[in-house]
Amino acid sequence: MLLCARYGEDSDLLSLLSLSFPGNGSVPVNHRDASSGNTALHLACANNHPAAVRLLLGRPGAEHLPNGAGNYPLHWAAANGLPEIARLLLGAFPDLDVLAQNEFGKSCLTEAFSANNAGESKENTELLRMLLEHKSAEEEKIITGIKGMTKEEVRVPEDMREAAISTTHVFELKPDEPGSTLSVREQVMQNADSPFTTASQDDTTGLAIWAASLVCGRWLASLPREALSGRTVLELGAGCGVPALAVARHHAAKRVCATDLNEDSLENCRHNIGLLPPKCAKAEAFRMDWADEATWPEEKIDAIIGADLVYTPEIVPLLTAAMDGLAAPGCDFYYVAPDAGRAGLADFIAAVKEGGGWEVVEERAAPEEMAGNPLASGDDDLMILHFNELLEKRFVLYHFRKLAN
Ligand SMILES: C[S@@+](CC[C@H](N)C(=O)[O-])C[C@H]1O[C@@H](n2cnc3c(N)ncnc32)[C@H](O)[C@@H]1O
């Protein structure tokens, strides 16, 4: 069984696993080899045999056990840079600990950092993201060195870590202007499993690029030039700032402001503004909290833009108050959100429509060309990896206009 797992001899492995022994039942799937303590799962994982891994994981009682040197199967998948295997293990053992150390003090995460080309190839970036986003690898635990991982250990591969937790995408949001690309960096969110559960001030959802913002960026880029020329445009809850960046890149706006509550997201957004090519509209990023009027800019805004801002009903009155407080008469409001899966979205749209201050200019499903692959490379695998909501969800474009009084 161990050798079949080692060499990926899947049909023989299946036959062996299906044997039953008189008296003591089925094959002991967790059997360890006498010299190293490896299980069949270690060997299938280390040698990148996903089908064998699936067969083993499918057996009742299969466990994720350490070998004689304290290495778990995930250590080997990590050390060999194998995201597919790691995904199978993380899926089968949700309580697995990616910071568990072997007897050399190396965790699965450290192994992934040290793997060849860590953070450089697509596979390794995916592997590192997966491990860093796992609930057992919360930022705080890594940084404070809980479980014996020292700050130094985390800091040594800082450049790799940077490459792993952040990705700079090159988008082409305006297909009729080939070559007019937009580079935007996103980072790994905390609580990625349930990003919408944190209080506003701890909300790290803006570190990631949400698919709605790509649809919004494309929509805004496609507007006729006169729609935003010479106007002051402000993005609410900008996060990485794709819509604001798209306006700065493709329109002669007077001023483009990307605003957010979260300082880390703002810092990332400033970095993205720095990536804009020369000769774009003047863009800046600053802190604005919908709940705190003192943080709102004094200048009245001609066009407010936003993507995927509502995910809890409590946000709705804050957001509508901020919109009303910012908007100049005739101000346009361009908003994009997925059509399902966002608590409070229907309340938000109803509040804007029925509040008396805004008229509906347009409300329609995003056309197909706005929800396709926005990457300049056209790489569909990368799109699925980073922006799978583009495939899974439908998006709605909302355009409102502020009434004169
Ligand atoms: C789901 S993210 C969307 C980010 C970006 N619009 C996108 O689509 O990629 C929601 C954003 O709203 C911001 N946010 C949440 N509450 C806020 C508040 N009270 N004031 C300002 N921004 C807030 C978050 O920091 C986060 O950047």
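1. T320 is buried, at 15% relative accessible area. Buried here means under 20% relative accessible area, exposed means over 50%, and partly exposed lies in between, with a 1.4 Å probe and protein chains only. T320 is found in helix 15, which runs over residues 315-326. Helices (H or I, at least four residues) and strands (E, at least two) are DSSP runs, numbered from the N terminus. The C-alpha atom of T320 is 8.9 Å from that of G355, and 35 residues separate the two along the chain.

2. A word on the basis of these values. This is a predicted model, in which local features need pLDDT of at least 70 and side-chain atom pairs count only at pLDDT 80 or more, while totals for chains, interfaces and linings use all residues. Residues are numbered from 1 along each chain as its sequence is written, and side-chain values use heavy atoms, with hydrogens and water left out.

3. Next, D308. D308 sits in the loop between strand 8 (301-307) and helix 15. D308 is buried, with a relative accessible area of 7%. Its side chain makes a polar contact with the side chain of R342, at 2.7 Å. A polar contact is a pair of N or O atoms within 3.5 Å; within protein, one must be able to donate a hydrogen and the other to accept it, and residues adjacent in sequence count only if both atoms are side-chain atoms. D308 is not a glycine, yet its phi is positive, at about 50°.

4. K279 also deserves a look. Phi of K279 is near 70°, a positive value in a residue other than glycine. K279 lies in the loop between helix 14 (263-274) and strand 7 (283-287). Is K279 buried or exposed? K279 counts as exposed, at 86% relative accessibility.

5. Now the ligand. It is surrounded by 22 residues, and the closest are W210, G237, D260, D289 and A307. The shell divides into 10 nonpolar, 7 polar and 5 charged residues. Nonpolar covers Ala, Val, Leu, Ile, Met, Phe, Trp, Tyr, Cys and Pro; charged covers Asp, Glu, Lys and Arg; the others, Gly among them, are polar.

6. Which atoms approach the ligand? An N or O atom in the side chain of D260 is 2.5 Å from an oxygen atom of the ligand. A polar side-chain atom of S213 lies 3.5 Å from a ligand oxygen atom. A backbone N or O atom of W290 is 3.1 Å from a nitrogen atom of the ligand. On its own the ligand has 590 Å² of accessible area, and the protein covers 99% of that. Such areas come from the Shrake-Rupley method with a 1.4 Å probe.

7. Cysteines. How many disulfides does the structure hold? The structure holds 0 disulfides, a disulfide being a pair of cysteine sulfur atoms within 2.5 Å. For C240, the nearest cysteine sulfur is that of C269, 7.6 Å away. C240 is buried, at 2% relative accessible area. C331 is buried too, at 0%.

8. Finally, the record. Residues 36-57 are 68% helix and 0% strand, with end C-alpha atoms 21 Å apart. Residues 69-101 are 52% helix and 0% strand, with end C-alpha atoms 10 Å apart.

Methods:
A residue is near a molecule or strand if one of its heavy atoms lies within 4 Å of it.
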